[in-house]
Amino acid sequence: MRIDVITIFPEYLEPLRVSLLGKAADKGLLSIETHDLRQWTYDVHRTVDDTPYGGGPGMVMKAEPWALALEAVTASDDAAQPPTLVVPTPSGRPFTQAKAAELAERGHLVFACGRYEGIDRRVIDAAAETMPVEELSIGDYVLAGGEAAVLVMVEAVARLLPGVLGNAESARDDSFADGPMAGLLEGPVYTKPSEWRGRSVPPVLISGNHGAIARWRRDQALARTAANRPDLLRALDPETLDKKDRAA
Ligand code: 6GU
């Protein structure tokens, strides 16, 4: 997968080079490039923003630098296989695990990081005529710009690419993933020693009874979901609950 990020703060995206993402890049599974939007400004002040039409607070990012940037980073794409343009914005649709999985299927993602009050709408409308555009929000709070949201989205997408995770199964039981625990939050986990500062590991986990362990894990997941995300519990299909779930 190829990822391009256009921003006025390329240093902000440096973390993309470390850890899981850095290793994925080293393995050739992922190629990430960041681009300074000011490369595509031609005035002495390298202006990227201006006052909003209609008045109001703040500044709006100008259309032309964005259009030139998008043309440059999409120049090698085939018109039949366009990249997906992702615009992080608090006004977007929710970025979810399902959306991450959908984006992980695409060959080329371009992230357009807005700062100030956003990007001139005509840029997004024009882009949408030649490529899919996803305006996405990572949650119900407001960030100063899209850069931190891009770090979140790229990490969520990249770990779903084949070969990126060390353990192919580790994505399966994740909170929100499809699978036996779909729609439930993950419960608590324990490792050695079995006794630590007077606290024991739940005995069922050392029992060797795999049926009892699976039942216990599911009960813990149900309890945690009820406590932390009652909205998720209400959204569960009652058909996916068994008799023992209902009792819990
Ligand atoms: Cl994607 N961008 C910004 N600037 N703020 C946000 C966001 C994105 N998601 C939630 N808040």
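## Exercises: domains, ligand shell and cores

The chain is divided into domain 1 (2-158) and domain 2 (172-248), with bounds from an automatic or database domain assignment. This is a predicted model: local features need pLDDT of at least 70, side-chain atom pairs count only at pLDDT 80 or more, and totals for chains, interfaces and linings use all residues. Residues are numbered from 1 along each chain as its sequence is written.

**Exercise 1.** State the separation of the domain centres.

Solution. Take the centres over C-alpha atoms. Domain 1 and domain 2 are then 37 Å apart.

**Exercise 2.** Describe the shell around the ligand.

Solution. Count residues whose C-beta atom, placed from the backbone, lies within 6 Å of the ligand. There are 13, and the closest are P88, P90, S137, L143 and A149. Next, assign elements (DSSP runs: helices H or I, at least four residues; strands E, at least two; numbered from the N terminus). β5 (84-94) and β7 (133-137) each give two or more residues. β5 has the largest share, with three.

**Exercise 3.** Find the residues with the most contacts inside the largest nonpolar core.

Solution. Start with buried Ala, Val, Leu, Ile, Met, Phe, Trp, Tyr and Cys residues, joined through C-beta atoms within 7 Å. Buried means 20 or more other C-beta atoms within 10 Å of the residue's own, placed from the backbone. The largest core has 41 residues; F111, A112 and M153 touch the most other members. α5 (147-158) is among the elements supplying at least two residues. The largest share, six residues, comes from α5. Another core lies apart, with five residues, among them L184, L185, A221 and L222.

Terms used: A residue is near a molecule or strand if its C-beta atom, placed from the backbone, lies within 6 Å of it. A residue is buried if 20 or more other C-beta atoms lie within 10 Å of its own, exposed if 12 or fewer, and partly exposed in between; C-beta atoms are placed from the backbone.
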